[in-house]
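Welcome! Take a moment to look over the structure, and then we can walk through a few of its parts together.

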Amino acid sequence: MLDVTYIRNHAEHVKEGMRNKGEENSGIVDQLIEVDEEWRSLVKKTDDLRSESNTKAQKIGELMGQGKKDEAQKIIEYTSKLKQEIKEKEEKLNVLKKDRGKLLLQIPNVPHESVPVGSSEEDNEVFKTWGTPAENDWRIPHWELVEEQGWIDFERGAKVTGAGFPFYVGPIAKLQRALINYFLNKAGEQGYTELQVPYFINEDSARGTGQIPDKEDMMYEIPRDEFFAIPTAEVPVTNFHRDEILQKENLPLKYVAYTPCWRREAGSYGKDVRGLNRLHQFDKVELVKMVHPDTAFDELENLREYAESLLEELNIPYRTLLMCTGDMGFTQTKKYDLEVWSPAQQRWLEVSSCSNFGSFQARRMMLRFRNDEGDTEILHTLNGSGLALPRVLAAILEIYQQEDSSIEVPEVLQPFMGTETIGAE
RNA sequence: GGAGAGGUGGCUGAGUGGUCGAAAGCGCUCCCCUGCUAAGGGAGUAUACCCCCCAACGGGGUAUCGAGGGUUCGAAUCCCUCUCUCUCCGCCA
């Protein structure tokens, strides 16, 4: 969420940001300011009354101690009335506070000035293209290949759990493990601390990173224990330091975690979600940074370059998009997407998303650091996939496909695989 | 799942209804003295929010002793609910 004081002082800017993100109802900014004002004035009144009541209660204590019961009794009568008044004010205060909080959670992060204004994916800017996207020649789509070779079993996955929960079999299971190891090792070399994290999170954590109240439909719920299955490692990792005050010397904090991710993907169907294009459970290596506010945008470029380097080492053609205001999401202030080329589908597939959230997530989480003045200050958070597995796998299955339906193992993965090809007879 | 014990500031640890946001010690910061090592003295040292000008400095106030609610003029202290930790039993990779 944004800082209320900031919203108060930059109302027009916040509203413009909302409109640019495609949020029509920017009137909630005015609503918020109104409710906030009312709340603040009532806080003042209530605190004053409490102050008076506290002073009087102390006085009563003194009088009681001196045995002046009659005098004390008089004050007690007065403070009893005060108490009633305070209670009324407190009830009103609670309502206002709740309203204020609700409104605050509905206001999205403001896009950075460097972000192109636009309403849909068509307005995203191609920031960079690397490699040459291959023609659709003799290659067959990855889903046909894996079925032919028995490498991924979608049907048995559907039997055991449901659509979008595939089994990976034999060499492809191993290839995924190789990718995970490769990604984790690379991140480790870059100074990211590896974490193994809980796969279920509670409601506070979901709110901290912004899955609630905006996107709860994306998550699987475990109602009996009031958990959500993580839609991305971003949630547990970013919440790792929730409600903490970090030392400035320790910034930036950089974490990497491999986890499965679960997403309901309600409403998705059709040819675009065939094969590995979209799954309910998939593997991902996620990078999270907690940084000093001054360095956040540099850290974003750095994060993007790192994710790009992974694809370059895998020798997979990709392009980087700078997401426009309308396509970037509620919590981000700036976001890049990395997309790999699927030759058989002749389309781009998103494999990474690198975002700067500014203080938006950190404020919800009360994630702070102590600055040079010794004051607490909200720090900034970023995250990026490094990388999401299934679509990278899909790209490998198509790009590294040989005419005999075998797969050449990308060079950087060979040490993990112990072989140069998969499926060759 | 059952039984019991317990959650106090950066840490240790006092405090069982009144001047307690909280003793003391440790740690940390600054100052003074001393001046090899060591030691001594003083001051400061939680977080959030509100107000004083939506700035800085400074000042004032409120809330917070695991969380929420209740009793009371007054709660760290009493009552209820929840939560977490520890011990024992049960179950189990």
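This is a predicted model: local features need pLDDT of at least 70, side-chain atom pairs count only at pLDDT 80 or more; totals for chains, interfaces and linings use all residues.

The residues where α3 and α4 touch divide into 20 nonpolar, five polar and 16 charged.

To find the pair, look for residues 27-65, which form α3, and residues 69-106, which form α4. Their axes lie 8 Å apart, and the packing angle is about 160 degrees. Because angles over 145 degrees count as roughly antiparallel, α3 is roughly antiparallel to α4.

Strands of a sheet pair through backbone hydrogen bonds, either parallel or antiparallel. Here, three strands make an open sheet in the order β5-β7-β6, and the pairing is antiparallel. The edge strands, each pairing on one side only, are β5 (200-201) and β6 (221-222).

Strand β7 covers residues 227-229 and joins β6 through two bridges in the antiparallel sense.

## Helix α10 and what follows

How far apart are the end C-alpha atoms of α10? They are 28 Å apart, which agrees with the 27 Å that the 19 residues of this helix (296-314) should span at 1.5 Å a residue.

Several kinds of side chain are buried in α10, including those of the residues Leu300, Leu303, Arg304, Tyr306 and Glu308. After α10 comes Asn315, with a positive phi near 60 degrees.

Note on methods: Residues are numbered from 1 along each chain as its sequence is written. Chains are lettered from A and ligands numbered from 1 in the order in which they are written. Side-chain values use heavy atoms; hydrogens and water are left out. Two strands pair if DSSP finds at least two bridges between them. Helices (H or I, at least four residues) and strands (E, at least two) are DSSP runs, numbered from the N terminus. Axes are lines fitted to C-alpha atoms, for helices over the stretch in contact, and angles run from 0 to 180 degrees between N-to-C directions. Angles under 35 degrees count as roughly parallel, over 145 as roughly antiparallel, 65 to 115 as roughly perpendicular and the rest as oblique. Ala, Val, Leu, Ile, Met, Phe, Trp, Tyr, Cys and Pro count as nonpolar, Asp, Glu, Lys and Arg as charged, and the others, Gly among them, as polar. The expected span of a helix is 1.5 Å times one less than its number of residues. Buried means under 20% relative accessible area, exposed over 50%, partly exposed in between (1.4 Å probe, protein chains only).
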